[in-house]
Amino acid sequence: MMGGITVEVKNLSRSYRRADRTIEVLRNLTTTLSSGSFTVLTGPSGAGKSTLLHLLGTLDRPTEGTILYDGRSFLDSSDRDLAAFRNARIGFIFQFHHLLPEFSALENVLMPTWIAGGKKEAVERARQLLTEVGLEQRLGHKPSELSGGEQQRVAVARALIMEPALLLADEPTGNLDSHTSLEVFSLLRMLSGKLSMTCLVATHNEVLARMAERHLAMDDGQIVSDSGG
Ligand SMILES: Nc1ncnc2c1ncn2[C@@H]1O[C@H](COP(=O)(O)OP(=O)(O)OP(=O)(O)O)[C@@H](O)[C@H]1O
Ligand SMILES: [Mg+2]
């Protein structure tokens, strides 16, 4: 197991220029996610949660400020180096799972390993992960043959197959009923703990927020409260 990564966010700003004005979406945000920690991020719609997750996931570059991953900055790295880092160390889970409809549950979980060049032991690992999320009887099912909660559990397994050091989840339970939300969230927390990954989960679900070790709340591009952790 590779374990987590410490992420230091320093004076991070992200703004968008529109014809006549600048929209400041993240404003001088500073925080640290310690290696192996599990944090929930809440805040009203438009607060900047997804923007922050995109920056942390190296899918976007800040207007100002830096993000250090175990002390390393990628600000001057090429897109190619950034992509290599992202593929090897960062896992994503989104509100809409983005499973590929023509592939089975097992194949969807294996997809990242195929993209990375494929390892023989990956099939066994994928089976094991699908078993851990309770889908050992559904390996050959296509997404359309799975319930919403089951599809999201496949997405959890897919995010974990590469054993990322940093797991970013953007409203992973946004589409699910409260019972299934709790199930998927608990699974995510259990598995990320087991693999000692650094995990940040954005959600509108206050019940889930109260269950986390640490709860960051954002409003208007800034962190307005930081509890636990
Ligand atoms: N490409 C863009 N150009 C201009 N403004 C943008 C762009 N992307 C996002 N924004 C603005 O940034 C703000 C923050 O958006 P973001 O998606 O981070 O919010 P959020 O906290 O994830 O909200 P939600 O809970 O609704 O998902 C919003 O006001 C949005 O309109
Ligand atoms: Mg969002």
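**Exercise 1. Find the strands that helix α1 lies across, and give its angle to β1.**

Step 1. Locate α1 at residues 49-56. Helices are DSSP runs of H or I with at least four residues, strands are runs of E with at least two, and both are numbered from the N terminus.

Step 2. List the strands. Helix α1 lies across β1 (7-17), β2 and β4.

Step 3. Read the angle. Helix α1 runs at about 120 degrees to β1. Axes are lines fitted to C-alpha atoms, for helices over the stretch in contact, and angles run from 0 to 180 degrees between N-to-C directions. Contact means C-beta atoms, placed from the backbone, within 7 Å.

This is a predicted model: local features need pLDDT of at least 70, side-chain atom pairs count only at pLDDT 80 or more, and totals for chains, interfaces and linings use all residues. Residues are numbered from 1 along each chain as its sequence is written, while chains are lettered from A and ligands numbered from 1 in the order in which they are written.

**Exercise 2. Work out the strand order of the open sheet and name its edges.**

Step 1. Strands pair if DSSP finds at least two bridges between them.

Step 2. Find the edges. β2 (22-33) and β5 (72-73) each have a single partner strand, so one side of each has no neighbour in the sheet.

Step 3. Check the β4-β5 pair. Strand β4 (residues 64-69) is joined to β5 by 2 bridges. Leu 68 has Ser 73 of β5 as its bridge partner.

**Exercise 3. Sort the faces of helix α4.**

Step 1. Pick the buried residues of α4 (residues 122-132): Ala 126, Leu 129 and Leu 130. Buried means 20 or more other C-beta atoms within 10 Å of the residue's own, exposed means 12 or fewer, and partly exposed is in between; C-beta atoms are placed from the backbone.

Step 2. Look down the axis. The buried residues of α4 fall within an arc of 100 degrees, so they line one face of the helix. The arc is taken from the directions from the helix axis to the C-beta atoms.

Step 3. Turn to the other side. There, Glu 124 and Gln 128 are exposed.

Step 4. Name the packing partners. The buried residues of α4 pack against α3 (105-115) and α5 (148-160). Val 109 touches Ala 126, Leu 129 and Leu 130, among others.

Conventions:
Contact = placed C-beta atoms within 7 Å. Lists of a residue's contacts leave out its neighbours within four places in sequence.
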